[in-house]
Amino acid sequence: MKIAALIVAAGRGTRAGPGAPKQWRPLAGRRVVDWTLAAFDRPDITTRALVIHPEDRAEAAALDVRLIDGGKTRSESVRRGLEALAGDRPDLVLIHDVARPCVPDAVIDAVIDALAHAPGAAPALPVTDALWTGATARVTGTRDREGLFRAQTPQGFHFDAILAAHRAHTTEAADDVAVARAFGLDVAITAGAEENLKITLPADFARAESLLKGAAAMRIGTGYDVHQFCEGDHVMLCGVKLPHERGLKGHSDADVGMHALTDAIYGALARGDIGQHFPPSDPQWKGAESHIFLRHAVDLAKDMGFTLGNADITLICERPKVGPHSERMRQALAEIMGVGMDQVSVKATTSEKLGFTGREEGIAAQASVLLVPA
Ligand SMILES: Nc1ccn([C@@H]2O[C@H](COP(=O)(O)OP(=O)(O)OP(=O)(O)O)[C@@H](O)[C@H]2O)c(=O)n1
Ligand SMILES: C[C@](O)(CO)[C@H](O)COP(=O)(O)O
């Protein structure tokens with residue numbers, strides 16, 4: 001099965017305000033066009049073709065895709081793109097606006113799947129707001145929203161059918177679904193997505209940027225720590241003091257769970273580990289309470305523009321039993337980090353009496369965290 005992605009990018013983006021046409025403008029560290037082409041860089045898509053304005057050849061020169069000159073209208077650009085693809089005729093073609101750089105994989109998947117049962121398929125969202133007519137900033141009437149959809153792209157078609165439809169269509173059309181329907185083709189509606197917005201007005205750049213950065217800017221980290229048992233009458237675990245017949249040995253209060261969590265945050269930030277920030281050789285940290293370390297990691301995350309998404313800590317020991325205290329531990333950690341308890345999980349496991357934790361020589365802890373843009 002040969003599937004071509006035909007990205008139309010020959011528009012001038014007049015509504016997007018002054019500057020270069022919107023497809024060549026920067027967005028979250030790349031250009032709009034680069035994000036859009038990347039969305040169609042998938043193993044099931046065999047050809048990616050970009051329809052450009054003849055004046056934009058320099059901007060497009062370094063792109064590793066087929067380039068085709070567009071026309072004066074969107075329809076003309078699409079038709080030129082289809083004619084260019086006809087030489088190496090694909091089975092299906094997905095026609096997409098370059099101005100929709102945040103298109104999710106699931107939207108593309110749904111269109112391809114629907115083409116198994118219909119000659120055309122396109123994503124859309126049902127209209128959920130009330131609809132009015134208006135003139136000179138006054139409401140002049142209302143319209144029934146029932147059965148109305150907001151059209152998106154990619155609009156997918158059996159290649160021969162849409163090529164014939166475009167060849168037969170001589171006037172401008174809102175989109176390829178209009179061209180297909182005018183030719184008598186049946187078009188299935190598939191699930192669209194709010195994030196599949198079209199950059200049209202200047203403010204749309206910021207919306208697209210935050211969507212793209214949101215996904216790209218999440219960071220995960222893992223932490224692992226071990227402390228050996230020693231003489232003592234309690235242990236500190238995740239900020240909670242538990243009476244026990246032994247203590248945990250360490251330069252600080254040896255809160256192994258909090259150390260693993262702190263290291264997971266440093267790890268997510270790629271900012272070393274707890275030993276680098278609080279060297280055991282430094283006497284000022286002798287006996288220190290571990291919330292100082294955790295708070296430092298959380299503040300560093302904040303300085304770097306991140307906040308905790310969630311954290312998951314596992315304590316590995318035969319004893320003391322952690323289960324009855326895990327809620328207090330979640331609460332203590334959430335308070336130190338300034339987040340909700342539902343963002344923090346503390347659980348425990350034994351090692352079935354195997355290894356050093358099984359022999360009760362010490363306690364191990366591991367933690368995973370997700371940091372998200374603040
Ligand atoms: N002659 C044209 C006109 C539009 N398009 C493409 O069709 C899509 C339609 O989106 P739209 O927001 O209308 O783009 P522009 O025409 O660039 O924007 P504007 O109407 O604001 O000038 C865009 O990917 C645009 O590049 C095209 O390939 N050829
Ligand atoms: C094809 C389209 O993206 C469907 O929503 C849209 O019709 C093209 O852009 P325009 O703003 O209508 O010109």
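Biologist: At which residues does UniProt place the feature "binding site"?

Modeller: At D225, H227 and H259, according to an unreviewed UniProt entry. The model here is predicted.

Biologist: How do you know that these residues cluster in space?

Modeller: They are spread over 35 residues of sequence, yet the largest C-alpha distance is 10.0 Å. D225 has its place in strand β13 (residues 219–230). H259 is one of the residues of α8 that meet α10.

Biologist: Why give both an angle and a distance?

Modeller: Because two packed helices are described by both, each taken between the axes.

Biologist: Is the crossing of α8 and α10 left-handed or right-handed?

Modeller: Left-handed.

Biologist: Which residues meet there, and what are their classes?

Modeller: M258, H259, L261, T262, I265, Y266 and L269 in α8 meet F293, L294, A297, V298, L300 and A301 in α10. Eleven are nonpolar, two are polar and none is charged.

Biologist: Now ligand 1. Which residues come nearest?

Modeller: V8, A10, G11, R15 and S77, out of 22 residues around ligand 1. The elements giving two or more residues to this shell are β1 (3–9) and α3 (74–85).

Biologist: How does the shell around ligand 1 divide by class?

Modeller: Into seven nonpolar, nine polar and six charged residues.

Terms used
Residues numbered from 1 in each chain as written. Chains lettered and ligands numbered in written order. Predicted model: local features only at pLDDT ≥ 70, side-chain atom pairs only at ≥ 80, totals over all residues. Near = placed C-beta within 6 Å. Helix = DSSP H or I, 4+ residues; strand = E, 2+ residues; numbered from the N terminus. Nonpolar A, V, L, I, M, F, W, Y, C, P; charged D, E, K, R; others polar. Left-handed = near helix turned anticlockwise from the far one by under 90°. Contact = placed C-beta atoms within 7 Å. UniProt positions renumbered as here; feature names shortened; annotations may be inferred.
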